[in-house]
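Hi everyone, thanks for making time this morning.

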Amino acid sequence: MKINYLFILIILNIILIGCTSGEKLIAGETINVDIQSPHPYADSNSDTKIVWTSELKNDNATWLRIHFNKLELMDGDFLIIKDKKGNILENITLPYRGNPRNENIWTIPYKTNQLIFELHADSSGNAFGIYIDSYGRGF
């Protein structure tokens, strides 16, 4: 039993010293960016096709989360978010995850350090599009 108590005391000391060392521990942060589709974005001449694409990369991140200042899409149009390998992480249509608002929206975290955005539109018309003003990253 003495060994267990000694072990616990040593671990607690290590934790306390680490927490009071004066260093700032950061698990994640929010970074401002300016990623925007054209406003309004173009529509397609016929079938649904990619009308805008962009990329976000942060080599120091293990996950990324996107903040849409504004996200406005026409019915039938959608935004695909992919990782660097081309795997589809999310296919966004409106309302996003049941949220009727189209402003001030955070996505779920994606376990990757690079995101590719593809806006797909059909020929039925267009809308404002996409305005990403920040993203969250984790280490």
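Let me start with a question: which residue forms a salt bridge with Lys-82? It's Glu-118, and the closest N and O atoms of that pair are 3.2 Å apart. With a cut-off for buried of under 20% relative accessible area, Glu-118 counts as buried at 12%, and Lys-82 counts as buried at 19%. Do keep in mind that we're looking at a predicted model.

A search of the whole structure finds 4 salt bridges. Another one joins the side chains of Arg-137 and Glu-29, at 2.2 Å from N to O. Here, too, distant parts of the chain are linked: Arg-137 belongs to strand β8 and Glu-29 to strand β1, and the two are 108 residues apart. Arg-137 is buried, at 12% relative accessibility, while Glu-29 is partly exposed, at 31%. Arg-137 also has a side-chain polar contact of 2.9 Å with Asn-58. Beyond its neighbours within four places in sequence, Arg-137 is in contact with several other residues, including Ala-27, Ile-31, Trp-63 and Leu-64.

One more salt bridge before we move on: Glu-72 pairs with Lys-70, and their closest N and O atoms are 3.9 Å apart. Glu-72 is partly exposed, with a relative accessible area of 25%.

Now to the sheet. In what order do the strands of the open sheet run? The order is β1-β8-β3-β6, 4 strands with antiparallel pairing. The edge strands are β1 and β6, residues 103–106, and each of them pairs on one side only. From one strand to the next, the twist averages 20°.

Let's look at β8 in that sheet. Strand β1, residues 28–36, pairs with β8 in the antiparallel sense over 7 bridges. Across that pairing, Ile-35 stands opposite Ile-132, and Asn-32 has Ser-134 as its bridge partner. Strand β3, residues 63–72, pairs with β8 over 9 bridges, also in the antiparallel sense, with Leu-71 opposite Ile-130. And how many residues of β8 are buried? The count is 9 of the 10 in residues 129–138, so the strand is largely enclosed by the rest of the structure.

Let me zoom in on Ile-66, which is found in strand β3. Ile-66 counts as buried because its relative accessibility is 0%. Leaving aside neighbours within four places in sequence, the residues in contact with Ile-66 include Leu-56, Trp-106, Leu-115, Phe-117 and Ile-132. Tyr-110 is another of these contacts; the C-alpha atoms of Ile-66 and Tyr-110 are separated by 8.9 Å, for residues 44 apart along the chain.

Phe-68 is my last stop. With neighbours within four places in sequence left out, its contacts include Leu-79, Ile-92, Ile-105 and Ile-130.

Definitions and conventions: Residues numbered from 1 in each chain as written. Predicted model: local features only at pLDDT ≥ 70, side-chain atom pairs only at ≥ 80, totals over all residues. Heavy atoms only, no water. Buried < 20%, exposed > 50% of the residue type's maximum accessible area, 1.4 Å probe, protein only. Pairing = 2+ DSSP bridges. Contact = heavy atoms within 4.5 Å. Polar contact = N/O pair within 3.5 Å; in protein donor to acceptor, adjacent residues only side chain to side chain. Axes fitted to C-alpha atoms, helices over the stretch in contact; angles between N-to-C directions.
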